[in-house]
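Good morning, colleagues. Please look at the sequence and the structure on the screen while I go through selected elements of the fold.

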Amino acid sequence: MKRPARAASQFIRGQWWWLSYLTIFSLAFLVFLYLQASPNFADPDSFYHAKMALLIRQQGVVTKFPWLQLTVLGQNYTDQHLLYHVALIPFVAWFSPLVGLKLATVFFGATLITVVYWVMRQWRVRWPLFFALILLFSRPFSFRMSLAKAPSTSLIFLIVGLNWIFHFHWRRLAALAFAYVWYYGGFALLGVAALVHTVVSLAQNRWSKGPKSHQFVQKVLATASLRSRHNRRQYLNVKVLAAVAGGLLAGVVINPYFPHNLAFYYHQLINIGVINFQHVIGVGGEWYPYGFGELVANAAFATILILLAVVGIISRPSAQSKQSLTLGLLTIIFFFLTLKSRRYVEYYVPMAVLFSAFSISDALRGKTGQEILTEARRMFWHSQLGRYGSAFVLGALLFAFGYIAGRDLSNEKNDLQGGFRIGQYQAASQWLAEHTPVVSRVVHSDWDEFPLLFYYNTHNTYIVGLDPTFLYKANQDIYWTWANITLGKFDGDVYQAVTKTLGARYVFIAHGHQVMERYFQDHRNFVQVYTDAEATIYQASNLSVKK
């Protein structure tokens, strides 16, 4: 019995380089598959992404978006997820589209975890499998990766880009930056990463080459000095930054949406991503702040790892590499961005885990695993009390990891089971498509209903969707007319507001919007033409009603 076991052990050790990738991908795939096993989507934008993949498959790149004509997208539409939608085509073609979208989300999520593991192995980070599992079971991160949207694949671009920045692969970076623009609207993050690394690398180079003095002021002056001669590494740093900037610029200009994409990116990156009108209009929940205590608690694994990394930095500050310092600064940047808007947690957590992994490995550089184990025994196992105490602490940590991971996984599953059901509003959408004139506009009761209505019905056009900021910045009068009607705060002539200001003849009201429906229930100029368990449709009464 010992020989087969020994042979199996030797085989695993010899083939671990590829077995480890298979192991982490398979485990991540099963975790994300478990989270996706639900007939619901937690984010309504998932329906939009599935429909865009279908439209591109049928007719090619979508350059006009008449379905939201009143918004910024009506005049300056840019498919900021163009390559993501192209990547979805095999999944929505080979399977039922929405099921295919879920499978794509599982596959992309597992690929992301595997890419993170690959980067850590490339840089010989200690215990890469452990850190990859920590990332996989970090609740706010895995929840965001389970949303059927582009962030998981966007992170693949960013993390691969960081790896190539560290390796100074400037040609690859130029191509990646170009593709990133076509893939995801958050492409500027790659430029931020390149800039941070360049600053860190140049500063560390100059710091280390400064005068041999222990005086802090002199070292700072050496850091700021412009007289030091650039060596090859400094030249490569600038070259990498230029390659990323050039690739991003080329991706914006050599683009099927140029020059209209310039106005779109201004609204998406500045008005929505930076300014954010959360105190003026009702935006998506992901754009609201993350409380400090809530973030620290929800990202408990990342918080613990950061504390361990800080201990390592304090113990061996000079051992920290440029990679660790770059990842540390990016972690700080994304931490504060997450405090401003919750959605950035999808960047904060992986950066925190990568920073901790690199930093802890740097602190342990030069020490073999046996030396670490020997030192631990010397510190904690020299007495019976130390042995019992160490065993207790280790057991408590393992229990805490299992408990937190299991609890968070269960909570994520419950969160993802809420939201929008496959088939929701399908019957009402089909009625509109069959009984209304082509491109006739529909007033709907909430902006997050648009993706579902759009998925099931491209026959009609709508008021607002994807983000209310697009309507607010296009025409504030129209936005407040629509918003006040849906909130029951409108005090003017509803018929004139719907037919003239909004240019619509049909009103779709999802059940639960009673304050809005009161305007239409007994109004002499509106007739109820359709109702079911999910929604009611009213039509302006001066049009003949098709039965």
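Leaving aside its neighbours within four places in sequence, which residues is Val442 in contact with? They are Leu432, Asn460, Thr461, Tyr462, Ile463, Ala504, Tyr506 and Phe508, where contact means heavy atoms within 4.5 Å.

Before I continue, a word on the source. This is a predicted model, in which local features need pLDDT of at least 70 and side-chain atom pairs count only at pLDDT 80 or more, while totals for chains, interfaces and linings use all residues. Residues are numbered from 1 along each chain as its sequence is written, and side-chain values use heavy atoms, with hydrogens and water left out.

Val442 is found in strand S3; helices (H or I, at least four residues) and strands (E, at least two) are DSSP runs, numbered from the N terminus. Val442 counts as buried because its relative accessibility is 0%; buried means under 20% relative accessible area, exposed over 50%, and partly exposed in between, with a 1.4 Å probe and protein chains only. Within S3, Val442 and His444 point one way, Arg441 and Val443 point the other way, and all are buried. The C-alpha atoms of Val442 and Gly503 are separated by 8.7 Å, although these residues lie 61 residues apart along the chain.

Let me turn to the sheet. S3 is joined to S4 by 2 bridges, and these strands run parallel; two strands pair if DSSP finds at least two bridges between them. The open sheet has 5 strands in the order S4-S3-S5-S7-S6, with mixed pairing. Its edge strands are S4 (461–462) and S6, each of which pairs on one side only.

Why is strand S7 (residues 535–540) described as largely enclosed by the rest of the structure? The reason is that 6 of its 6 residues are buried. Ala535, Ile537 and Gln539 point one way from S7, and Thr536, Tyr538 and Ala540 the other way. S7 runs antiparallel to strand S5 (residues 506–510), to which 5 bridges join it; Ala510 stands opposite Ala535 there. Strand S6 (residues 526–531) is likewise antiparallel to S7 and joined to it by 5 bridges. In this pairing, Val527 has Gln539 as its bridge partner, and Phe526 has Ala540. S6 and S7 form a hairpin, with 3 residues between them.

I close with the helices. Helix H25 (residues 494–501) lies across S3, S5, S6 and S7, running at about 70° to S6. Axes are lines fitted to C-alpha atoms, for helices over the stretch in contact, and angles run from 0 to 180 degrees between N-to-C directions.

Helix H7 (residues 128–136) packs with helix H18 (residues 345–363) at an angle of about 160°, their axes being 10 Å apart. The contact is made by Phe131, Ile134 and Leu135 of H7, together with Val349, Pro350, Val353, Ser356, Ala357 and Ile360 of H18. H7 and H18 are therefore roughly antiparallel to each other; angles under 35 degrees count as roughly parallel, over 145 as roughly antiparallel, 65 to 115 as roughly perpendicular and the rest as oblique.

Finally, helix H17 (residues 322–340) contains 19 residues. Its buried residues include Leu327, Leu330, Phe334 and Phe335.

How values were computed. The expected span of a helix is 1.5 Å times one less than its number of residues.
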